[in-house]
Amino acid sequence: MPTFHAYAATTPHSALQPFTFDPGELGPEEVEIKVSYCGICHSDISMLDNEWGMSKYPFVPGHEAVGTVVALGEEAKGLKIGQRVGVGWSAYSCLSCHECLSGDHHLCATNQGTMVGRHGGFSDRLRVQWTWARPLPDGLDLAKTGPLLCGGNTVFAPFLQYNIPSTACVGVIGVGGLGHMALQFANKWGCEVHAFTTSDGKEKEARQLGAHYVHNTRHDGVLKKIAGRG
């Protein structure tokens, strides 16, 4: 049996320590990924500290993992050994319910998180259902790709779900972990991009990321000045 090498916490609020585990036999729908990089998200911290009451210890965080496919279950589809893939929040869904068949796999009643009830991406290897291992273009730098799989997906999805046209005026509130990606997406989408922040120090960065206008909401009259614009 293989041995995976990871970092895990044994209790809430504890430090991560080296941890090894036996993943068992590779499932028929599973993909085994050799992890090259894994991002860190606030959800990792929340799970680490059991803020949501569903963490199991020892706990291996990580749900922004990228790497290469090293093994495929007999029923895994659309992937090949050596392929570059990424994994986000989810690692499994039933593939047969209305939500899955409609393309809303993340709403599946049996959806499993990559680090919920299973060991996550802070490991040298990661196993997920094949449909959740997403092929990555060769042009992407793997060292920078991880956050796109969680925060990036979060802010890009509304452009598709709400059919945002390229002529839209888009406001991004907060130039942070999600906001810095939302600004870039909105700009490349062709929109007029407004960044809302509470720090003058972020104006230069916001403009570099794609904001055409930057509004510090701590300044008097700023919101009134742009009211009704769209």
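The model is predicted, and local features were taken at pLDDT of at least 70 and side-chain atom pairs at pLDDT 80 or more, while totals for chains, interfaces and linings use all residues. Residues are numbered from 1 along each chain as its sequence is written, and side-chain values use heavy atoms, with hydrogens and water left out.

An open sheet of three strands runs in the order β10-β11-β12, with parallel pairing. Helices (H or I, at least four residues) and strands (E, at least two) are DSSP runs, numbered from the N terminus; two strands pair if DSSP finds at least two bridges between them. Strands of a sheet pair through backbone hydrogen bonds, either parallel or antiparallel. The edge strands of the sheet are β10 and β12, each of which pairs on one side only. On average, neighbouring strands are turned by 20 degrees against each other, direction ignored; the axes are lines fitted to C-alpha atoms, for helices over the stretch in contact, and angles run from 0 to 180 degrees between N-to-C directions.

Strand β11 spans residues 192-197, and five of its six residues are buried, that is, under 20% relative accessible area, where exposed means over 50% and partly exposed in between (1.4 Å probe, protein chains only). Five bridges join β11 in the parallel sense to β10, residues 169-173. Cys169 stands opposite Glu192 of β11, and Val170 has Val193 in β11 as its bridge partner. Between β10 and β11 the chain passes through helix α5 (residues 179-189), and this β-α-β crossover is right-handed: with the strands pointing away from the viewer, the path from the first strand over the helix to the second runs clockwise.

Strand β12 (residues 213-216) pairs with β11 in the parallel sense over four bridges. Val214 in β12 is the bridge partner of Ala195. With helix α6 (residues 203-209), β11 and β12 make a right-handed β-α-β unit.

The structure holds eight aromatic pairs. Rings of Phe, Tyr and Trp (its six-membered ring) pair if their centres lie within 6.5 Å; planes under 30 degrees apart count as stacked, over 60 as edge-to-face and the rest as tilted. The ring centres of Phe4 and Phe21 are 5.4 Å apart and the planes stand at 75 degrees, so this pair is edge-to-face. Phe4 lies in strand β1 (residues 4-8) and Phe21 in strand β2 (residues 17-21), 17 residues apart. Both Phe4 and Phe21 are buried. Elsewhere, one aromatic cluster is formed by Phe156, Phe159, Phe185 and Trp189.
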